[in-house]
Amino acid sequence: MPPSPKKTGGKAKAANTAPADVTTPQQRVLQTRSQKAGLQFPVGRIHRYLKQRTQHNVRIGAKAAVYTSAILEYLTAEVLELAGNASKDLRVKRITPRHLQLAIRGDEELDTLVRATIAGGGVLPFIHKSLTQGKKKGAAEGQQ
């Protein structure tokens with residue numbers, strides 16, 4: 001004789017009205033929220049961080065973590081693509097902080113977004129026009 005179904009409280013449906021296509025735990029394939037959203041960044045971890053950083057114990061929706069993960073993944077991919085292009089231009093295979101600096105400062109939108117000092121990034125190469133023109137004028141006047 002099968003064991004009698006346990007009664008549960010709350011909004012659960014009656015125990016004997018289970019759907020016919022219920023899979024056993026062995027057949028069920030676990031899928032993370034990152035896989036469901038098609039992202040590489042960890043949705044669950046970012047959701048946990050969002051919950052930890054709020055004040056007054058505010059509720060954080062599930063979509064907020066997915067959206068934040070997608071934004072972070074997009075920005076990371078954008079910066080890495082530009083830094084990879086900078087490293088290819090300099091004929092090296094490894095991305096360094098200098099390449100990140102050149103990539104971020106070379107892109108107008110990323111430059112406005114990232115207003116931070118990148119350690120080991122150096123400065124952008126820039127020589128003011130008046131400094132280069134001064135030498136030409138001085139050399140031309142010296143010859144006459």
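Let me begin with Arg33, which lies in helix α1. Please keep in mind that the model before us is predicted.

Gly38 sits in the loop between α1, residues 33-37, and α2, residues 43-53. Is Gly38 buried or exposed? Its relative accessible area is 57%, so Gly38 is exposed. In sequence, Gly38 and Ala70 are 32 residues apart, while in space their C-alpha atoms are separated by 9.2 Å.

Next, I turn to helix α3, which covers residues 62-89 and contains Glu73. Which residues does Glu73 touch, leaving aside those up to four places away in sequence? The contacts are Leu39, Gln40 and Phe41. Glu73 is buried, yet it has no salt bridge. The nearest side chain of opposite charge belongs to Arg45, and it is 13 Å away.

Finally, let us consider helix α4, residues 97-106, where Gln101 is found. With a relative accessible area of 8%, Gln101 falls under the 20% limit and is therefore buried. Leaving aside residues up to four places away in sequence, Gln101 touches Ile118, Gly121, Gly122 and Val123.

Conventions
Residues are numbered from 1 along each chain as its sequence is written. This is a predicted model: local features need pLDDT of at least 70, side-chain atom pairs count only at pLDDT 80 or more; totals for chains, interfaces and linings use all residues. Side-chain values use heavy atoms; hydrogens and water are left out. Helices (H or I, at least four residues) and strands (E, at least two) are DSSP runs, numbered from the N terminus. Buried means under 20% relative accessible area, exposed over 50%, partly exposed in between (1.4 Å probe, protein chains only). Contact means heavy atoms within 4.5 Å. Lys and Arg count as positive and Asp and Glu as negative; His and the chain ends are not counted. A salt bridge is a side-chain nitrogen of Lys or Arg within 4 Å of a carboxyl oxygen of Asp or Glu.
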